[in-house]
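Biologist: I am new to this structure and would like a close look at a single part of it. Could you take one residue and describe what surrounds it, step by step?

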Amino acid sequence: MKRDHRLSAVAALALAALVTGTGAGSAATTTPSATSVTTHAFDSAPATATAPTHSFRGVLPVPTGPHAADEEVIHLTDASRLDPWVPSSGPRRLTVTMVYPAVPGTGTPAPYMTLGEAAGIIQRQKFPASSGITPQTLSGVTTHAFEGARPEHGKYPLVVLSAAAENPRMTLTSLATELAGHGYVVALVGHTYEDSGETLANGETPSCAICDHPETNDLDVQTAGRARDESFVIDQLTHGNTAWRLAHLIDKHAIGAAGHSLGGAAAAATMLADPRVRAGVDMDGSFHPAPKPGRLNRPFLMLGRADNHSPGGTGTTWDQTWAALGGYKKWLTVSGADHFSFADQKVLQEQAGFPTPPLSPERGVAITRAYVRAFFDQTLKGIHRPLLDGPSPNNPEVLFQP
């Protein structure tokens, strides 16, 4: 994952460039938009950044499901452990965006992120005011998600999502809204002090404590820490409704975990540590560590770029993991994709006029949505999806391995 981790460090750059055990929990339903931000900027802005000729206006792909996707931000505190990166800050605090099925035509458009989170990205990159990149334009990206909408009745599988290293939780918004629109409750977990900033319950948006020297990070330790975050979130969401007022929507017997890059490694680590998680997805992330044979016998999907995660490729942990997986499993690679084709970044980069990979960013999102949803439909809902049976003429970029 060393290479993936370095690429994930670039993701924070890219996102800024686009816009040229059980502990006690507490929840809040709103997050302040304005906040003080402390950041540690990289040495320079991306070399590809140029002064835009007009204000950026980002729009994520429209979800395809019959339900609307509503969002609610909650804040959780794990009183059982100190924050692993900044112990002096006290117990581990997490910001989580809940995305869930809602009645179409209700609610108002939700922001992509808070102004504080947007400012954290921009300040970290040292973008000047003349660049046209502002917290307002980044926060205001159209997500097609709503807030204050009326929830649909019923119970739905829960999917916990974790973003790439150094990337805030909202970079998986396109996938979250798609899943919610098709009948899932999604928890987008922000891993505090591990990215450009997650706005906490007190309105502060602390910067990354471990980003300036990624070469010194122990990725096994970081992955295990994320697994603890995810299990804690599951604890809070499946024990009454004190953490989230709509927790009754969750089918606690149908829980999945997915993630991008380091977040994908965290999905596997969460499954290893938490038997409640019935299925997992790793999107283009190496495993830290690769599971040992016989330890992970539940359904797992590996979805990655063809140039790095094909059998025998540079992503060697995929070969090890594939051999160790004991349950239903799929290994899919996507031709023309790059590391960030599986999240929001490439779509927004294209809209801002920056270079993109051979695979259209919209196709990257569409493929990710289709195969991740099909996998969870089949493993959490028990609905057979022929899309997973083999190559599809509608998706010639997707190769089934081995």
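Modeller: What follows is a walk around one histidine and the charged pairs beside it. The model is predicted, and within it histidine 191 is found in the loop between β6 (185-190) and α5 (219-237). With a relative accessible area of 3%, histidine 191 is buried, because buried means under 20%. Leaving aside residues up to four places away in sequence, histidine 191 touches Arg92, Leu94, Ser162, Glu198, Arg226, Asp229 and Glu230. Serine 162, one of these, lies 29 residues from histidine 191 in sequence, yet their C-alpha atoms are 8.2 Å apart in space, and the two side chains make a polar contact at 2.8 Å.

Several of the other neighbours take part in salt bridges. Arginine 92 and aspartate 229 meet through their side chains in a salt bridge of 2.8 Å, N to O, a pair that links distant parts of the chain, since arginine 92 is in strand β2 (residues 91-102) and aspartate 229 is in helix α5, 137 residues apart. Both partners are buried, arginine 92 with a relative accessible area of 1% and aspartate 229 with 0%.

Glutamate 198 forms a salt bridge with arginine 169, their closest N and O atoms being 2.3 Å apart, and both of these residues are buried as well. Arginine 226, in turn, meets glutamate 194 in a salt bridge of 3.0 Å, N to O, which joins helix α5 to the loop between β6 and α5 across 32 residues. Through shared partners, salt bridges join Asp78, Arg81, Asp83, Arg92, Glu194, Arg226 and Asp229 into one network.

Key
Residues numbered from 1 in each chain as written. Predicted model: local features only at pLDDT ≥ 70, side-chain atom pairs only at ≥ 80, totals over all residues. Heavy atoms only, no water. Helix = DSSP H or I, 4+ residues; strand = E, 2+ residues; numbered from the N terminus. Buried < 20%, exposed > 50% of the residue type's maximum accessible area, 1.4 Å probe, protein only. Contact = heavy atoms within 4.5 Å. Polar contact = N/O pair within 3.5 Å; in protein donor to acceptor, adjacent residues only side chain to side chain. Salt bridge = Lys/Arg side-chain N within 4 Å of Asp/Glu carboxyl O.
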